[in-house]
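Please have the sequence at hand while reading.

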Amino acid sequence: MNQDHPPAHDGKMPADWARAIVDPAAFAEEQRRLAHVWTFLGMTTDLEKDGDWFRASIATRSVFVQRFGGDLRGFENMCAHRFYPLRNSDRGNGPIICGFHHWQYDREGRAAGIPLCRELYGKLPHEVGARLTPIDVSTCGQMVFGRFRDPAITQSLEDFLDVGFPVLAAGSRARNPQYLALPIDANWRLSAHISLDDYHSPAVHPRTFGKAGHLRRQDISYHRFGLHSAFVNSKNADALEHLAEACRRGTYRPKRYSILQIVPNLLMAFFRTDFDFFHCAVTVYEPVRHDRTILRTWFYPAPFPPRLSWIRTLSDPIRSPLVRHYVKAVMREDNVVCERIQKSASQISRPPLLGGLEERIGWFEESYRELMKAGERTATRE
């Protein structure tokens, strides 16, 4: 979508669009409806060996994904016996054994070992019939996604990601990614909004982005694909399609800043660090409460061969800590804004006035309402 003078967004957001940002009950209902949406959970770099697992979250519900040989399996992080969390750190390796009573589960999530089972239950472990709640797990490149199951929801991850699938698959080929986790005292949608906002940089990021003027809308392109959106620092209306096709062919080399936002709460960005060297950042805004979010980011040299690759090999040990400092600084600047909006969110009684450089916020909210409607239909079946 390229226009010389793009109009402001048409304001279709409802007046009560911020209700789940300030109302814990509305937030809980929102999260219940989002539990069946494909959600980014983590990277396969944490699941390289048999028995490796990591803990994540889907719509505030704790889950874990574990490697069993060549398969990845995912379950809700809660013992079927007395509901004790099975995984109590971010990652690890080992069998699924509950730390409360030592119940053990197999790769299918079935209780396969129960201490004193015959004496206490009068049955063998497999006859008790206890099992973990499974989640659907699928991958895109090195990215792991999951969702809680619903028999009426059959859309594959590839179909859900649409044209973004080859971009995420190519961009996720990380080697030893750096990782950051920052808490935010603000709602996850406020964090999503600021990542979709190309209007705020001169005011919020003068130290990290510089004091350059605003972007000109006619010099960039916005793209919608499925429920998602993208920014490419190019006038070309076909820029995203060209990017995706180059990723499919294995010929993509980043030349400009680009960012894909995947609903509900994921983004992937390619950004220049220096010369022709680019980094990739994968960020998820993990909801915790209506007023609390954990921002999780993986970042690493963009996995595409640059010109003068030998220079990057020599300079990456110096560049990596500088990039970490820069990424952390940018995130903190954004987080301050989100936290201040959260403090005044109870006063919101109308939609925002979105201009051309905030257009994708309106798109995101349209997709959000579509997911809420689909989630309502799912909720009636539960």
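What volume does the largest cavity have? Its volume is about 100 Å³. The model is predicted, with local features needing pLDDT of at least 70 and side-chain atom pairs pLDDT 80 or more, while totals for chains, interfaces and linings use all residues. Residues are numbered from 1 along each chain as its sequence is written, and side-chain values use heavy atoms, without hydrogens or water.

**Search**
- Three cavities of 30 Å³ or more are found in the whole structure.
- A cavity is a set of points, on a 1 Å grid over the protein atoms alone, where a 1.4 Å probe fits but cannot get out; lining residues have an atom within 4 Å of a point.
- Points are joined across faces, edges and corners, and a volume is the space filled by probe spheres set on them.

**Largest cavity**
- Of its 13 lining residues, Thr39, Ala59, Pro264, Asn265 and Pro287 are the closest to the centre.
- Two or more lining residues come from each of α2 (24-34), β1 (39-43), β2 (52-58) and β16 (277-289); helices (H or I, at least four residues) and strands (E, at least two) are DSSP runs numbered from the N terminus.
- The greatest contribution is that of β16, with three residues.
- The lining comprises eight nonpolar, four polar and one charged residues, where Ala, Val, Leu, Ile, Met, Phe, Trp, Tyr, Cys and Pro count as nonpolar, Asp, Glu, Lys and Arg as charged, and the others, including Gly, as polar.

**Second largest cavity**
- Its volume is about 80 Å³.
- Among the residues lining the second largest cavity are Ala192, Pro264, Asn265, Tyr285 and Phe364.
- At least two lining residues each come from α7 (188-195), β14 (258-262) and β15 (266-274).
- This lining has nine nonpolar, three polar and no charged residues.

Notes. On a 1 Å grid over the protein atoms alone, a cavity is a set of points where a 1.4 Å probe fits but cannot get out, and a pocket is an open set with protein on both sides within 12 Å along at least five of seven lines; lining residues have an atom within 4 Å of a point.
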